[in-house]
Amino acid sequence: MAGHSKWQNVKHIKAEKDRQKNLLCNKYVYLIGIAVREGGPDPKLNIKLSNILEQAKKNNVPSSTVENALKRGGNKKNKYGSAEILSPGGCIVIVEYETDNISTIRHEIKSVCKKHGANVLSGEGRWRAVYEQKGIIKAIQRKDGEQVDAEKALDDAIEAGAEEVSVKDDEAKPYLEFLCAPEDLNTVKKEIEQLYEVEEGYLGYLPTVTIQLDEETNTIVDNLLEDLGNISDIVRIYENVQ
C-alpha cells in the first residue's frame, strides 16, 4: 500500500506540473496576442512584446508555441470569456479563455466536465459565494536593475495604492504579485509600471472558502483540472480545493 500511495503522490505532482506547464504556454499565447494587437508584431518596435518574448524564453515556452502566438496575435476576432464549473466534491472551478470561436470552446469545456462528472453552471456570479475578485499585477523585475526585495516592494505597494504584495518563485525567477481592489487595477498598474517591468495586470479570483476532498474525489478533480488545462484556448484556471 505504501508503494501505491507513493505512486499516487508522484502521479499527482506530475499531473499538476504538466497542467501548470500547459497553462503557462496558453497564458503566454494570450499575452503575446494582447501585445501584438496593442503595439504590432515587431519586437524591435514593441517593447512590451519584446519583454514578454524574453520571459517566454526563460520559462522554456516552445518556439513553435511562440511563433503560432505571433501569427494568431493579429486575429481581432478573438474574444474573452469564462465559465463556472461545479466539480465533484463541491469545488467551484473558474476557467478563463481567449478564443475565436465561443461555441467550440464551450463545447470542449462541457465535454471535459461530462467526462469527469462535473457540470458547467448556467448563468454567472456563483463564484461570489467562494471567491473574491482582485486586481492582480505581475511585476517581473525592477526597472533600475535592483533585485526584487519584499520589504521594498511593500513600500512600493503602499505608495501605489495596492492592498498587498508577495514574492512568487514558481517560474523561471522570482516575481512580485501586487493585489488591489478591482476598481483600482488600472490606477495601481500605472503606478507599479513606473518602478517595475509589468508583465500583466488582470482581474483574478482568490478563494475565500476552501473545501477538503477525500483521496478518490481529489484524484477526479485533479484529472478534471488537467484536462481543462490541456484545452489550448484556456489561459487561467481557479479552484478552491484546500
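Buried means under 20% relative accessible area, exposed means over 50%, and partly exposed covers the range in between, computed with a 1.4 Å probe on protein chains only. The model is predicted, so local features are given at pLDDT of at least 70 and side-chain atom pairs at pLDDT 80 or more, while totals for chains, interfaces and linings use all residues. Residues are numbered from 1 along each chain as its sequence is written, and side-chain values use heavy atoms, with hydrogens and water left out.

**First stop: a pair within one helix**

Select Lys-58 and Glu-54. Their side chains form a salt bridge (a side-chain nitrogen of Lys or Arg within 4 Å of a carboxyl oxygen of Asp or Glu), and the closest N and O atoms are 3.3 Å apart. Both residues belong to helix H2 (residues 47–58), where a spacing of 4 residues separates them by about one helical turn. Helices (H or I, at least four residues) and strands (E, at least two) are DSSP runs numbered from the N terminus. Lys-58 is partly exposed, with a relative accessible area of 36%, and Glu-54 is also partly exposed, at 39%.

Move on to Asn-60, in the loop between H2 and helix H3 (63–72). Most residues other than glycine have a negative phi. The phi of Asn-60, however, is positive, near 60 degrees. Asn-60 is exposed, at 58% relative accessibility.

The structure holds 15 salt bridges. Select Lys-27 and Glu-199, whose closest N and O atoms are 3.5 Å apart in one of these salt bridges. Lys-27 lies in helix H1 (residues 2–39) and Glu-199 in strand E7 (residues 196–207), so this pair ties together parts that are 172 residues apart in sequence. Both Lys-27 and Glu-199 are buried.

Since Lys-138 lies in strand E4 (residues 131–142) and Glu-199 in E7, the pair links parts 61 residues apart in sequence. Lys-138 is buried, as is Glu-199. Salt bridges with shared partners join Lys-27, Glu-96, Lys-138, Glu-199, Glu-200 and Arg-236 into one network.

Select Glu-98 in strand E2 (residues 92–99). Is Glu-98 buried or exposed? At 2% relative accessibility, Glu-98 counts as buried. Beyond its neighbours within four places in sequence, Glu-98 is in contact (heavy atoms within 4.5 Å) with residues including Tyr-30, Arg-37, Arg-72 and Asp-233.

Select helix H4 (residues 102–115) and helix H7 (residues 215–229), whose axes come within 10 Å and cross at roughly 160 degrees. The axes are lines fitted to C-alpha atoms over the stretch in contact, and angles run from 0 to 180 degrees between N-to-C directions. H4 and H7 are therefore roughly antiparallel, a term for angles over 145 degrees. To view the contact, show Ile-109, Val-112, Cys-113 and Lys-115 of H4 with Leu-224, Asp-227 and Leu-228 of H7.

Conventions
Parallel < 35°, antiparallel > 145°, perpendicular 65-115°, else oblique.
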